[in-house]
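Subject: Structure handover

Hi there,

Here is the structure I promised to pass on to you. Please have it open while you read, as my notes follow below.

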Amino acid sequence: MTMLLDDVLQSIELWLRLIKKPQPQTFVNPNLDPVLLVPGVGGSILNAVNETDGSQERVWVRFLSAEYKFKTKLWSRYDPSTGKTVTMDPKSTIVVPEDRHGLYAIDVLDPDLVIGSEGVYYFHDMIVQMQKWGYQEGNTLFGFGYDFRQSNRLQETMDRFAEKLELIYNAAGGKKLNLISHSMGGLLVKCFMCLHSDNFEKYVKNWIAIAAPFQGAPGCISSTFLNGMSFVEGWEQNFFISKWSMHQLLIECPSIYELMACPNFDWQHIPLLELWRERLHSDGKSHVILESYPPCESVEIFKQALVNNKVSYDGEEFSLPFNTEILEWANKTREILSSAKLPPGVKFYNVYGTSQATPHSICYGNADKPVSDLQDLRYLEARYVCVDGDGTVPVESAKADGFDAEERVGIPGEHRGILCEPHLFRILKHWLNAGDPDPFYNPINDYVILPTAFEMERHKEKGVEVTSLKEEWEIISNDQNGQSNTDNKMSLSSISVSQEGADKSHSEAHATVFVHPGNDGKQHIELNALAVSIDAS
């Protein structure tokens, strides 16, 4: 019955691929510097290769038969001798497809969906936008998908990344490339830069990190260790992979341990794991108290909570406790990352998400229902203490890259949703010089400030100096829907200052600013200023 269902699902997937036809690109700009896109956790398609006949099937991401394929093909065990996580299925190996010069694996993560789902769109919107600017797949636009279960410094991944950089550099005729990383992809790039700085300097011109958890994602990762993680929300979760199944995979993934809160970082508020516990005091009475554990001390709680965590696979039971061998590997990764230095000639830019409630500390139990057994934490729902961020990575962590950045810009947006933000696209176009250069664009405010007039006159006679100034600007600003941010009212502001000198000299200045609202997202700004100075001598 299972085999028959598999045949039906494979037939459906083949039919869906046949009815989807790629659209031809209408505009190509051959003068653009090449771009390489690097995704984060869960941002690459993974295929399972049958070692018997060489056949491949997609196991991440898929909605059809998702849970079954995930458990049988992607559940893994960590091998401390190699630092690699290996699938439990002895007849399968996990690979990343290289179609479309690496872009296929990071575009739409389930290409067979007839109706697109935001949950599986990764770099899709950005790829479409960059093609409109003139980027072309295989000439100036490339992707680097990778097995996100693995450590960000796994030698196999580092070797593939080095090969990719060299391939793009040669394909572009010796042009250095622009790296755009998202989320954990920023840690992978940073690891490569630390371990292969010569190659990085040779091939990379600019690195743009988006929503990178440079100091970890404290609240999200702590709850992941205890309760798992969902990659899609809402009704789609019913057709995808359960949090419990995801939990059993991630507990053996070095990449997840490398996203824990950095214990040596000078946090404004230390991320905590908090537990309401009932304790017996010296007076013989029990009291419910709130216990708080900083990052290093939280490890002992994870160990006790997961001491009996087990899964059954192919008729055999496997223990999956909190893995201290992976933790040791991850701590070494942190040491490497902390020594990172930006090579000379490489420019770094940082974009981080804001305005979303982002888990920072987590709490289990309450004063009425304290946690009686730490192993119950796997079945309890965490409550979060949140800070500003993108819903996954706190602003504080994303901004702490440790580099002399050219610019750091915050964009209101959700962790993965930020990759679809028009504000981000305007920033990237500006930094990549992917169109007519606009020296007046301000990425931080997302404004174009265009000077339109400047007049200044100065007169001096008999100790009295009069200076008049007139400046005019056009300010162009669109919101996410391309609508004007201005209202239809003219505003007027003025300021006057005066100063008496010790020698009885006197100075006065008066300025008036008019803001004239316009159409098409424009505002006209007019400044009139007059300064008078009287010299007592």
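Helices (H or I, at least four residues) and strands (E, at least two) are taken as DSSP runs and numbered from the N terminus. By that numbering, L374 sits in the loop between β15 (356–364) and β16 (383–389). Please keep in mind that this is a predicted model.

Let me stay with L374 for a moment. Although it is a loop residue, L374 counts as buried because its relative accessibility is 7%, and the cut-off for buried is under 20%. Leaving aside residues up to four places away in sequence, L374 touches L275, R277, I301, Q304 and A305. Y364 is 10 residues away along the chain, and the C-alpha atoms of Y364 and L374 are separated by 10.0 Å.

How many aromatic pairs does a search of the whole structure find? The search gives 21. One of them is W207 with F214, an edge-to-face pair with 6.4 Å from centre to centre and 70 degrees between the planes. W207 is buried at 0% relative accessibility, and F214 is buried too, with a relative accessible area of 2%. F302 and F322 make a tilted pair, because their ring centres are 5.6 Å apart and their planes stand at 35 degrees.

Another ring to look at is that of W329: R153 lies over its face, at 3.8 Å from the ring centre.

Finally, the cysteines. How many disulfides does the structure hold? The count is 0. C296 counts as exposed, at 56% relative accessibility, whereas C253 counts as buried, at 1%.

I hope you enjoy looking through it!

Best wishes

Note on methods: Residues are numbered from 1 along each chain as its sequence is written. This is a predicted model: local features need pLDDT of at least 70, side-chain atom pairs count only at pLDDT 80 or more; totals for chains, interfaces and linings use all residues. Side-chain values use heavy atoms; hydrogens and water are left out. A disulfide is a pair of cysteine sulfur atoms within 2.5 Å. Buried means under 20% relative accessible area, exposed over 50%, partly exposed in between (1.4 Å probe, protein chains only). Contact means heavy atoms within 4.5 Å. Rings of Phe, Tyr and Trp (its six-membered ring) pair if their centres lie within 6.5 Å; planes under 30 degrees apart count as stacked, over 60 as edge-to-face and the rest as tilted. A charge sits over a ring if NZ of Lys or CZ of Arg is within 6 Å of the ring centre and within 35 degrees of the ring normal.
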